[in-house]
Amino acid sequence: MPSDVSASLDVIAKVFLDYSIFNNDLPVGIYAISTEGELLLCNKRVREILRLEGEVTGRITDFCQDKGVIREAFHELVEAKEGTWVEKHLLALRVRDREVFVHHHVRVIRDDETGETIGYLGCMVDITAEHRYQRIFEDLPVGIYQLDEEDRVIWANPRLADILGYLAPSEIENRPVKDFYADTAKADSFRERVRSEGGMTHHRVELRRKDGKLAVASVFARKVASSDGRYAGREGAMIDVTDEERYKKVQEELPLGLYEVRINDKGEDVFIDCNQQFAALLEFDDAEDLKGRKVKDIYPTEAEYEKLREAIQQGVEKDRPLHGLRVNVQGKKGKGIVLEVNARTKRDREGRIIGRVGAVRDVTEEVELNRKVAELTRDIGAVLHTLSSTLVNVRQSASVVMQTMVPDPLEDAKGIQPEQMVEFLSAPAKLFAESLARLFQTGDAAGRARALPDERWAVLSDQLDLLRNYEKLSHNPMVRLSTFREAALKVLSLCDEIQRGTFPREPLRQLRMDARELLRICNLITLHQVDDLTLELDMPVRSLRAYVLSGQRQEESRTIWQVRELVSKTAGELHEFARSRGIEFRIKHDDQELQVNIVVSDVLRALSNLLHNAVKYSWRRPSGTAWVSIRTRQFQTAVHIEFENYGVPIPKEEIDQGLIFQSGFRGRISSDRKRTGTGFGLFDASQVAREVGGSLSIKSHPASPGRREDDYKQPFLTTATLVLPLKKIG
Amino acid sequence: MKIKTRVLWIEDNAHSDYVHTVGPVLVDGRYDLVIAESASEGIQYVTEQEFDAVIVDLRLPPGDDRRWITVYNHGGSNRTNARLGLEVLHALLRPRDAKVRLEFIPKWVEPKRFAVFTVEPKVEVQSIIEMLDVNVYVQKTAEVSTRVILDILQALA
């Protein structure tokens, strides 16, 4: 033993009359160290804690994991009052590669006579086990708590504080647990259940965090009872399930059926999980009812199930998820359902397919709607096709009848508006009126009375008045046509009432002949009108049919066309219609060689719609002629194809608001002079323009400069411009 | 001189699609027929002259009056949806519900003098027509004869 140590021991022996405090079985470790920290004496408990064998040697600091802590203790001793113990609640020691935690006290030993510090006396209690438990509680990702009989928080671990949004457990300790409930009434009911049932597990609770946000916890609680069995509080744990609740809510609220399938030992696909939507899609009341069922059970036929399996297999081979497969399944109650299936296979660690997860959408209504639309489209197409045939029939029927009604004074009068044709009525109407007037001058009153009663002569007199004063009846020439026809029919009918022999034959014969000639001209005008109308309707009907069926046609590839060829073809299609209206086409190409790369049927349809409109809405100009101007010119990388006509205005607001391009829209002035239309021409043409990367624009301004833009009784110049991208060179 | 029944027909296609029905009315000799081709024109005639019978088409263009153009535009700017003929009837027969308030409604205006001749089947507008108390309603179909206007006038008489 070193002499200084021996000397110290002697001094210590003086302080302690004997060493009995170091020879005991106390559960507290007691030791003495020199002023240099050398371990001098210790009891059995210290030996146990520090695993000391044989002679007591070494320094206490050798065992300290953090030597700074023990040094700090000794420094405090220097400052401390005489006899004060300096305490360290936790001192971490390392004893033969083991962590040992002790609760430690130390004080100074002084020489009674000199007062000199001769050593230090220390006590230690092994709290290793307690500390480990404490650490577990501190570090657990689970909130742990203890409440007293009034449900105040006695103790909480840091995780619980964290769940509630607090920085430290001290912020929640001593507070009523109700403070943290979103619904305080639920705090009371939970307490009551724990009190009566002794505990609760997996109880979902909504909590209010420090920042006001809601959290959801799954709570476990155990009742703490006093010795007489009364409720003395509770203790337990809680897990933050806020995210889990959020995902569950999303899963439940998504308008999609979600499911998971596993392959069982027999190689069968079995549902192991799904959300409520999936169950409801298949007419199950609860998702639990579907779990465990075989997937093939929801398929009405083996073939349909096989379709799914093949699609999944293809996806596996191509290493792609299944996407958008439509399958027919059957609900629990027998309802036929069409599902759109999207799924991804799941594999185990070895890469074997063990199942799949997927999302489905009920597309039954969509499929039915598409079927109906397709059917309707075919029906409309068929109807329009029939209508086209009917128009041909009507036109040809009118034509063959007109051929029998020669001579036809209107045969060469092409281009005259139907209302202008009624000028051809003047001469025969005049002759008819004269014949009718002569009737009143034939014979005497008695003779006329024998031929017809007075009231019949009054009717004949009315017809004569009508024929002589038709301009007072109506300004409209078509009304004149209708009136003359009716008057002629009425007169002929009255003539038939005259008994043979009661009236001179010649005036009657002449009257009948003139009435029939007037009727013939009226009928010829009507037949020419029919001819004109069918021509006017023919192109829109064909165009509408082409538009309706365009979605059903096989996709047409683009081809390269010269712009002048397109214009020429369009003008050719509408030549007969234009001729019937007396409209001339004036065509000008700034560049004859411009080319476009287009789906030709669509663009020709668009051009036809625009040219048809231009012809249809044209008026005769002051010069007496009528023409539509067609011009093509290049602007940078596009060609502008312009159709300009003189005639019916388009109100400014209908252009500015884009109404004219709306499907089915007919402008409020568009039925001027009964111009028929479907309202689809501009809509279709604008869509075609967009699809080829071009555009369509319309302008309409008074033909005479300086006139009011909102005076829609005057003629307007309207220009429709179809812009098409030019074919790229190279 | 015979006193003729004064008839106003508010119809934009009277001089075209239905012109063949005009002749029989004029030739009949009992009627003085006036044709208006828009809502504006129809209202103008009603407020300026008295008529024994008024026949109204439900699908009318607005004409020049800004108020009718506004109603037309609010109704989708198409005759089918706007049904300006119904609005004309409202304005004359049930002004408190009307979209266009007229400054003056002549005393002679009463439901029993009004008839509807239109494309819509009655069932589509039945409740409104009944509310307006108009009892004579004829649908335009391919089957109507050239004497249909005479038949309507007979029904009104």
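I take helices (H or I, at least four residues) and strands (E, at least two) as DSSP runs, numbered from the N terminus. On that basis I find 23 helices and 22 strands in chain A. I note that this is a predicted model, in which local features need pLDDT of at least 70 and side-chain atom pairs count only at pLDDT 80 or more, while totals for chains, interfaces and linings use all residues. Residues are numbered from 1 along each chain as its sequence is written, and chains are lettered from A and ligands numbered from 1 in the order in which they are written.

I next looked up burial, where a residue is buried if 20 or more other C-beta atoms, placed from the backbone, lie within 10 Å of its own; buried residues are 31% of the 730 residues in chain A.

For the sheet, I count two strands as paired if DSSP finds at least two bridges between them. Five strands of chain A form an open sheet with antiparallel pairing, in the order E12-E11-E15-E14-E13. Strands E12 (269-274) and E13 (322-330) of chain A each have a single partner strand, so one side of each is left without a neighbour in the sheet. Strand E11 (residues 257-263) of chain A runs antiparallel to E12(A) and is joined to it by five bridges; Arg262(A) has Val270(A) in E12(A) as its bridge partner.

Lastly I checked the contact between chains, with residues in contact if their C-beta atoms, placed from the backbone, lie within 7 Å. Chain A gives 21 residues and chain B gives 18 residues. On the side of chain A that touches chain B, H17(A) gives the most, with eight residues.

Conventions:
Buried ≥ 20, exposed ≤ 12 C-beta atoms within 10 Å, placed from the backbone. Contact = placed C-beta atoms within 7 Å.
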